[in-house]
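Take a look at it, then read on.

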Amino acid sequence: MFGPFTGGEVDYEIVEGVSLFGRAVGSLLLGNSEAEAQEIFDVNNSSVSRENDAVTAPVLELALGVKWDYDFNNSASMGLSAGYEIQQWYNVISSDVRFTNDTTLSGVSDGGSADLGFNGFFLGLDFDFTF
């Protein structure tokens, strides 16, 4: 998936090198979703359903935490961060897979889509170099 994104981060320094931060990122991802499902009824009967859809998925990411930065010199620094992050991917899972019953092979599609979300604590380590 690919697409544009934008975001920002706000830092509030508590003491030299240590700060609280908040980060927000939004993006609009474009791509394809592929799925295949197979249902086997008995030795002679089975059903295969394939799906390939274009997907447009808005994504929202929010994070809060604390970070520590250390400057080695004017061209290199290191940072440690810890906090909590939430990511929500909207309309990213397509559910057009056809479901059948055990008496006929005619399918029924629910034709919807679903969201995908992640959240939890994180630890980060970064190195910045300027040439």
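Strands here are DSSP runs of E with at least two residues, while helices are runs of H or I with at least four, and both are numbered from the N terminus. The model is a predicted one, where local features need pLDDT of at least 70, side-chain atom pairs count only at pLDDT 80 or more, and totals for chains, interfaces and linings use all residues. Residues are numbered from 1 along each chain as its sequence is written, and side-chain values use heavy atoms, leaving out hydrogens and water.

## A nonpolar patch

Let's begin with Phe-72, which sits in strand 3. Phe-72 is partly exposed, at 47% relative accessible area; buried means under 20%, exposed over 50% and partly exposed in between, using a 1.4 Å probe and protein chains only.

Phe-72 also belongs to a nonpolar surface patch of about 980 Å², along with Trp-68, Tyr-70, Leu-80, Leu-125, Phe-127, Phe-129 and Phe-131. Strand 3 (46–73) and strand 7 (112–129) are the elements that give two or more residues to it. A patch like this takes residues with over 30% relative accessible area and no salt bridge, joining nonpolar side chains (Val, Leu, Ile, Met, Phe, Trp, Tyr) within 5 Å, or like charges within 9 Å. The areas come from the Shrake-Rupley method with a 1.4 Å probe, and for residues only the protein chains shown count as cover.

## A salt-bridge network

How many salt bridges are there? The count is three, taking a salt bridge as a side-chain nitrogen of Lys or Arg within 4 Å of a carboxyl oxygen of Asp or Glu. Together they link Glu-9, Asp-11, Arg-23 and Lys-67 in a network.

Glu-9 pairs with Arg-23 at 3.6 Å, N to O, joining strand 1 (residues 5–15) to strand 2 across 14 residues. Glu-9 also bridges to Lys-67, with the closest N and O atoms 2.9 Å apart. Because Lys-67 is in strand 3 and Glu-9 in strand 1, that pair ties together parts 58 residues apart in sequence. Lys-67 meets Asp-11 too, at 3.2 Å. Lys-67 counts as buried at 16% relative accessibility, whereas Asp-11 is partly exposed at 43%.

## A buried Glu without a bridge

Glu-85, in strand 4 (residues 76–95), is buried yet has no salt bridge; Arg-23, the nearest side chain of opposite charge, is 4.0 Å away. For charge, Lys and Arg count as positive and Asp and Glu as negative, with His and the chain ends not counted.
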